[in-house]
Amino acid sequence: MAILNQSRNLTVLIKNFIQFPYYKLHTTNILPNSNTSYLKSCLYNEETDPYCPIFKLDYIVNKAGYKYEDISMHGCSIVIGINWECDLDKDFMSNCRPIYSFNRLDNPYSKIDPGWNYRYSNYYSENRRTLHKVFGINFRVEVMGRAGQFNIIPTFLNVGAGLATLGVATVICDAFILYVSKDKHLYRIKKFLNVKRSNGMHQDLYDTYDSDDNLDERSVIITHDSV
């Protein structure tokens with residue numbers, strides 16, 4: 001007999017508070033303009049009412065990927081995730097709202113003690129007791145929050161660090177090709193231009209190679225012949 005099947009329409013209220021001490025801000029998952037009549041009539045729905053803090057058990061199980069009939073015999077353990085992603089460049093109270101997620105923790109295909117249950121005893125007298133094995137739905141709530149605001153100083157620091165990294169990368173790549181690569185001799189020929197000048201010669205440097213060569217693209221190494 002599915003002992004939990006009659007509980008599918010029961011509801012659970014989740015009250016969650018979150019605080020960002022650095023920005024001196026705090027809020028709750030219940031809307032500031034909520035009143036008693038709204039909380040008595042609303043039911044959470046991801047599309048129609050995503051800010052209602054009241055959840056129907058059947059809805060939670062379905063969002064976790066299972067039918068209520070699947071867990072009504074042995075129970076289950078479900079984690080409810082509450083994720084706060086707050087952009088403080090916008091209005092905090094109206095834009096900093098939670099996003100819920102639902103996942104089943106226990107293994108529904110376990111052959112040994114599937115689902116979720118616990119035991120407790122009622123003692124009547126010495127050496128006499130009644131042992132109860134209770135099945136149910138166990139909820140675990142995980143809360144994660146992150147808030148951020150644009151700041152020009154970290155932006156400049158990150159841009160500067162990126163430009164510095166590009167400069168270092170150029171030096172590292174150049175050194176790798178010059179000293180490690182198998183074709184390093186070809187790269188040296190293209191990168192460096194050897195110019196020989198004999199002692200006593202006053203010929204201009206530009207006369208030692210063809211005028212079509214581009215000095216700006218290659219380094220020049222000048223070697224002197226000894227006499």
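## A loop residue and the aromatic rings

The backbone oxygen of I14 lies 2.8 Å from a polar atom of the side chain of N29, in a model that is predicted. N29 belongs to the loop between β3 (25-28) and α1 (36-41), and a further polar contact, of 3.4 Å, joins the side chain of N29 to that of T28. Because the relative accessibility of N29 is 1%, this residue counts as buried, the cut-off being under 20% relative accessible area. Leaving aside residues up to four places away in sequence, N29 touches I14, K15, N16, Y51, P53, W84, R97, P98 and Y100.

Two of these neighbours, R97 and Y51, also meet each other, for R97 lies over the face of Y51 at 5.7 Å from the ring centre.

Another neighbour of N29, Y100, takes part in one aromatic cluster together with Y44, F55, Y59 and F102.

Across the whole structure, a search finds ten aromatic pairs. One of them is formed by Y22 and Y23, and because their ring planes stand at 85 degrees, with the centres 5.0 Å apart, this pair is edge-to-face. The planes of W116 and Y118 are at 55 degrees and their ring centres 5.5 Å apart, so this pair is tilted; the cut-off for edge-to-face is over 60 degrees.

The table gives the accessibility of the residues in these two pairs.

| Residue | Relative accessibility | Class |
|---|---|---|
| Y22 | 72% | exposed |
| Y23 | 27% | partly exposed |
| W116 | 26% | partly exposed |
| Y118 | 40% | partly exposed |

Why is Y22 classed as exposed, whereas Y23 is classed as partly exposed? Y22 has a relative accessible area of 72%, so Y22 counts as exposed, because that class begins over 50%, while Y23, at 27%, counts as partly exposed.

Finally, some care is needed in reading the model. The protein averages a pLDDT of 81, and 84% of the residues score at least 70, but over residues 201-227 the pLDDT stays under 50. The model has 36 contacts beyond four places in sequence for residues 201-227. Where pLDDT is low, the predicted coordinates should not be read in detail.

Methods:
Residues numbered from 1 in each chain as written. Predicted model: local features only at pLDDT ≥ 70, side-chain atom pairs only at ≥ 80, totals over all residues. Heavy atoms only, no water. Helix = DSSP H or I, 4+ residues; strand = E, 2+ residues; numbered from the N terminus. Buried < 20%, exposed > 50% of the residue type's maximum accessible area, 1.4 Å probe, protein only. Polar contact = N/O pair within 3.5 Å; in protein donor to acceptor, adjacent residues only side chain to side chain. Contact = heavy atoms within 4.5 Å. Phe/Tyr/Trp six-rings, centres within 6.5 Å; stacked < 30°, edge-to-face > 60°. Lys NZ or Arg CZ within 6 Å of the ring centre and 35° of its normal. pLDDT = per-residue confidence, 0-100.
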